[in-house]
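Work through the exercises below with the sequence and the coordinates at hand. Each task is followed by a stepwise solution.

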Amino acid sequence: MGWLFVALAAVFEFIGVIGLNKYSKRKTIPTGFMFLGGFGLSFVFLYSSFQYLQVSTAYAVWIGIGTAGAVLLNMIFFGESKSLARIGSLALIIVGVIGLKALS
């Protein structure tokens, strides 16, 4: 159950990241709601995961998934650089998250 909450927290963090990107370009109520609502629900689900998982592990995995997801979303949908160095760095984050999950 704890990992389900972390996964939901990551999904809502992605929504928050998209909302943040859109809000930074155009400040409207829907983009602000997407930005604040996404991050708000993300924290709610992350906090819920602490009932089942160690805080350090859940938080680190959430940060890793969120960071990797934010980079991927911005590469795919918002035209950020897709350089080999960025992709390699992203792969290191993913390996680290998998390592934390495997060892917890």
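The exercises go from the whole chain to single residues.

The model is predicted, so local features need pLDDT of at least 70 and side-chain atom pairs count only at pLDDT 80 or more, while totals for chains, interfaces and linings use all residues. Residues are numbered from 1 along each chain as its sequence is written, and side-chain values use heavy atoms, with hydrogens and water left out.

**Exercise 1. Describe the fold and the dimensions of the chain.**

Step 1. Count the elements, taking helices (H or I, at least four residues) and strands (E, at least two) as DSSP runs numbered from the N terminus. The chain has four helices and zero strands, in the order α-α-α-α from the N terminus.

Step 2. Compare the radius of gyration, taken over C-alpha atoms, with the globule rule of 2.2 Å times the number of residues to the power 0.38. For 104 residues a compact globule would come near 13 Å, and the 14 Å of the chain agrees with that. Along the principal axes, the C-alpha atoms fill a box of roughly 40 × 35 × 15 Å.

Step 3. Of the 104 residues, 35% are buried.

**Exercise 2. Which side chain does R86 pair with in a salt bridge, and what surrounds E13?**

Step 1. Recall that side chains of opposite charge can pair when their charged atoms come close. A salt bridge requires a side-chain nitrogen of Lys or Arg within 4 Å of a carboxyl oxygen of Asp or Glu.

Step 2. Search the whole structure: one salt bridge is found. R86 forms a salt bridge with E80, with the closest N and O atoms 3.3 Å apart. R86 is partly exposed because its relative accessibility is 27%, and E80 is partly exposed at 33%.

Step 3. Turn to E13, in helix α1 (residues 2-25). E13 is buried yet has no salt bridge, and the nearest side chain of opposite charge, R86, is 14 Å away. Charge here means Lys and Arg positive, Asp and Glu negative, with His and the chain ends not counted.

Step 4. List the contacts, meaning heavy atoms within 4.5 Å. Leaving out residues up to four places away in sequence, E13 touches G38, F39, S42, W62 and G66.

**Exercise 3. Find what I65 and I93 touch beyond their sequence neighbours.**

Step 1. I65 counts as partly exposed because its relative accessibility is 30%.

Step 2. Beyond four places in sequence, I65 contacts A10, F14 and V97. The C-alpha atoms of I65 and A10 are 6.3 Å apart, across 55 residues of sequence.

Step 3. With residues up to four places away excluded, I93 touches G64, T67 and A68. I93 and A68, 25 residues apart along the chain, have C-alpha atoms separated by 6.8 Å.

How values were computed
Buried < 20%, exposed > 50% of the residue type's maximum accessible area, 1.4 Å probe, protein only.
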